[in-house]
Amino acid sequence: MMAIFEYAPAPESRDVVDIRPSYGLFVNGEFVDGSGTPFKTVNPATEETLAEVATASSDDVDRAVQAARKAFGVWSALPGAERAKYLFRIARIIQERARELAVLESLDNGKPIRESRDVDVPLVAAHFFYYAGWADKLAYAGFGEPRPLGVAGQVIPWNFPLLMLAWKIAPALACGNTVVLKPAETTPLTALVFADICRQAELPPGVVNIVTGAGETGAAVVGHPDVDKVAFTGSTEVGRIIARAVAGTDKKLTLELGGKAANIVFEDAAVDQAVEGIVNGIFFNQGHVCCAGSRLLVQESVQEEVLESLRRRLSTLRLGDPLDKNTDIGAINSAEQLAKIRSLSDLGESEGAQRWSPACELPDKGFWFPPTVFTGVAQSHSIARAEIFGPVLSVLTFRTPAEAVEKANNTPYGLSAGIWTEKGSRILWMADRLRAGVVWANTFNKFDPASPFGGYKESGYGREGGLHGLEAYLDV
Ligand code: NAP
Ligand code: MG
């Protein structure tokens with residue numbers, strides 16, 4: 001990409017991770033073979049195979065659920081203060097092994113080491129610390145006598161592999177539940193290191209079980225009759241299938257699905273700050289973010305100024321080796337996801353929007369997509385409606401605050417939104433009217449374990465994080 005400075009390569013060393021040629025399932029505290037056909041996980045930046053990973057069949061899932069059921073008796077009977085000790089121990093081990101986890105996450109997922117090291121892994125530890133703190137205070141959380149649900153079946157996506165695991169496992173264990181978790185097929189490795197961390201923390205066997213595999217394994221977890229609670233993060237499409245599978249059973253369900261967030265810039269906003277927020281909103285993690293600010297709504301009077309500044313800023317982003325500490329934009333997670341981003345972007349062009357990317361050299365091997373901005377986007381265009389889940393920004397304009405609200409809410413999703421303005425009263429006026437679970441003001445993509453996260457409409461239901469996140473794992 002057009003460089004203002006010449007940077008020497010600054011790669012993080014891979015030596016800190018020891019990737020085994022093959023991995024089994026983690027059931028009842030042991031690594032065991034899976035009876036399905038093993039699959040390979042690759043480094044999306046190079047297409048190199050990292051490891052072969054076991055596939056859990058429905059029999060394997062059944063064994064994992066049985067182990068979790070047996071462990072539930074022991075785990076739920078422990079005083080909260082004792083469960084807290086295990087969670088604090090896990091959090092500390094995550095901190096001790098942070099560099100290993102960050103490098104492995106970047107290798108398996110393609111995200112820049114700057115993000116896995118400074119965002120993902122610290123937040124993972126923070127989630128365990130946070131929910132460890134709740135484990136002995138559940139009686140004061142406002143949900144009555146705390147009663148755990150039992151066995152939680154959890155299925156997560158590939159965009160924040162270890163962080164989504166933490167969002168699922170930390171509150172479940174704090175409340176006294178046991179879990180069977182299926183990581184995404186393209187990013188199973190940090191979940192398997194987490195299994196090792198559970199052993200290191202001497203967590204009682206069966207409290208955490210990790211079953212790897214594709215969608216079929218996920219369906220077996222969700223459909224198992226002895227699972228009491230299903231927690232899913234992923235696409236709205238699969239969310240619908242799961243809601244149908246769970247309907248009519250006693251299972252409790254939370255769904256964290258897709259999004260198409262509006263990032264709204266008013267004419268009185270500090271432009272440079274807003275541009276940083278727009279970049280962070282859509283190009284963080286290659287745009288593989290459910291709450292990404294993928295629709296920029298900019299007030300017409302400042303459109304040119306904002307776009308010029310945005311283009312200039314994008315020309316300084318560095319795309320390439322995820323393990324290089326200077327890299328801003330890493331690899332797209334898989335060939336499938338790259339194909340999806342390409343086809344939606346091509347559709348954007350054929351529907352009449354104007355496409356722009358900074359001058360940018362893509363590596364020969366691996367899955368890459370340049371940061372892309374579409375202007376002249378109408379609300380009816382596919383790129384204004386569909387979740388692209390890649391580094392692609394659609395720019396729309398508005399004239400009045402009321403028009404901004406109307407356009408922002410004109411989506412089947414409702415996960416997040418951003419507002420950029422100097423006026424406090426306008427922030428409150430807007431936040432009141434935006435149908436989104438999270439509304440950021442003069443910032444974007446800020447996460448904290450103490451604040452709840454979740455959506456409206458097709459973005460799902462239930463909240464993760466904070467006090468609200470406990471409710472999903474208690475019989476209230
Ligand atoms: P996905 O296709 O829905 O996959 C999510 C998980 O479900 C994966 O582990 C997948 O396995 C598994 N799965 C697939 N079919 C299943 C079935 N029939 N039953 C049970 N499990 C099944 O989503 P994705 O492409 O991995 O992730 C991207 C989507 O996740 C985006 O739409 C994004 O917005 C959403 N997301 C939402 C949040 C949030 O908090 N709201 C956070 C992150 C991502 P395989 O990996 O093997 O296919
Ligand atoms: Mg991978």
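**Notebook: strands, domains, ligand shell and single residues**

I began at Thr41, which stands opposite Ala51 in E5. Strands here are DSSP runs of E with at least two residues, and helices are runs of H or I with at least four, both numbered from the N terminus. I worked on a predicted model, in which local features need pLDDT of at least 70 and side-chain atom pairs count only at pLDDT 80 or more, while totals for chains, interfaces and linings use all residues. Residues are numbered from 1 along each chain as its sequence is written, and chains are lettered from A and ligands numbered from 1 in the order in which they are written.

**Strands**

I looked up the pairing of E4 with strand E5 (residues 48-53) and found it antiparallel, over five bridges; two strands pair if DSSP finds at least two bridges between them. The open sheet that holds them has three strands in the order E1-E5-E4, with mixed pairing. Strand E1 (22-23) and strand E4 (39-43) are at its edges, and each has a single partner strand, so one side of each lacks a neighbour in the sheet.

I then turned to strand E6 (residues 151-155). Five of its five residues are buried, so the rest of the structure largely encloses this strand. I call a residue buried if 20 or more other C-beta atoms lie within 10 Å of its own, exposed if 12 or fewer, and partly exposed in between, with C-beta atoms placed from the backbone. In a regular strand the side chains alternate between the two faces of the sheet. On one side of E6 I noted Val151, Gly153 and Val155, and on the other Ala152 and Gln154, all buried. E6 pairs in the parallel sense with strand E7 (residues 178-182), over five bridges, and Gln154 is opposite Leu181 in E7.

**Domains and cores**

I recorded the division of the protein chain into domain 1 (14-256 + 456-471) and domain 2 (262-441); the bounds come from an automatic or database domain assignment. Their C-alpha centres lie 30 Å apart. The contact takes 20 residues from domain 1 and 25 residues from domain 2, where contact requires C-beta atoms, placed from the backbone, within 7 Å. Helix H3 (98-109) and helix H4 (113-134) are the elements that give two or more residues to the side of domain 1 that touches domain 2. By class, that side has seven nonpolar, seven polar and six charged residues. Ala, Val, Leu, Ile, Met, Phe, Trp, Tyr, Cys and Pro count as nonpolar, Asp, Glu, Lys and Arg as charged, and the others, Gly among them, as polar.

A nonpolar core is a set of buried Ala, Val, Leu, Ile, Met, Phe, Trp, Tyr and Cys residues joined through C-beta atoms within 7 Å. In the largest, of 93 residues, I found that Leu87, Phe128 and Val180 touch the most other members. Helix H5 (residues 161-174) gives the most to this core, with 11 residues. Another core lies apart from it and has 61 residues, among them Val289, Val298, Leu319 and Tyr413.

**Ligand 1**

I counted 29 residues around ligand 1, the closest being Glu185, Gly215, Gly218, Gly234 and Cys290; a residue is near a molecule if its C-beta atom, placed from the backbone, lies within 6 Å of it. Helix H7 (215-223) and helix H8 (236-246) are the elements that give two or more residues to this shell, and H7 gives the most, with four. The shell divides into 15 nonpolar, 10 polar and four charged residues. It draws at least three residues from each of domain 1 and domain 2.

**Single residues**

I found Gly258 in the loop between strand E10 (252-256) and strand E11 (262-265). Gly258 counts as buried because 22 other C-beta atoms lie within 10 Å. Not counting residues up to four places away in sequence, Gly258 touches Ser235, Thr236, Cys290, Glu387, Tyr413 and Ser459. Gly258 and Gly460 are 202 residues apart along the chain, yet their C-alpha atoms are separated by 7.8 Å.

Most residues other than glycine have a negative phi, and most peptide bonds are trans. I noted a positive phi of about 55° at Glu202, which is in the loop between helix H6 (189-200) and strand E8 (208-210). Glu202 is exposed, with 10 other C-beta atoms within 10 Å. Asn442 also has a positive phi of about 55°, and is partly exposed, with 16 C-beta neighbours inside 10 Å.

Methods:
Two residues are in contact if their C-beta atoms, placed from the backbone, lie within 7 Å.
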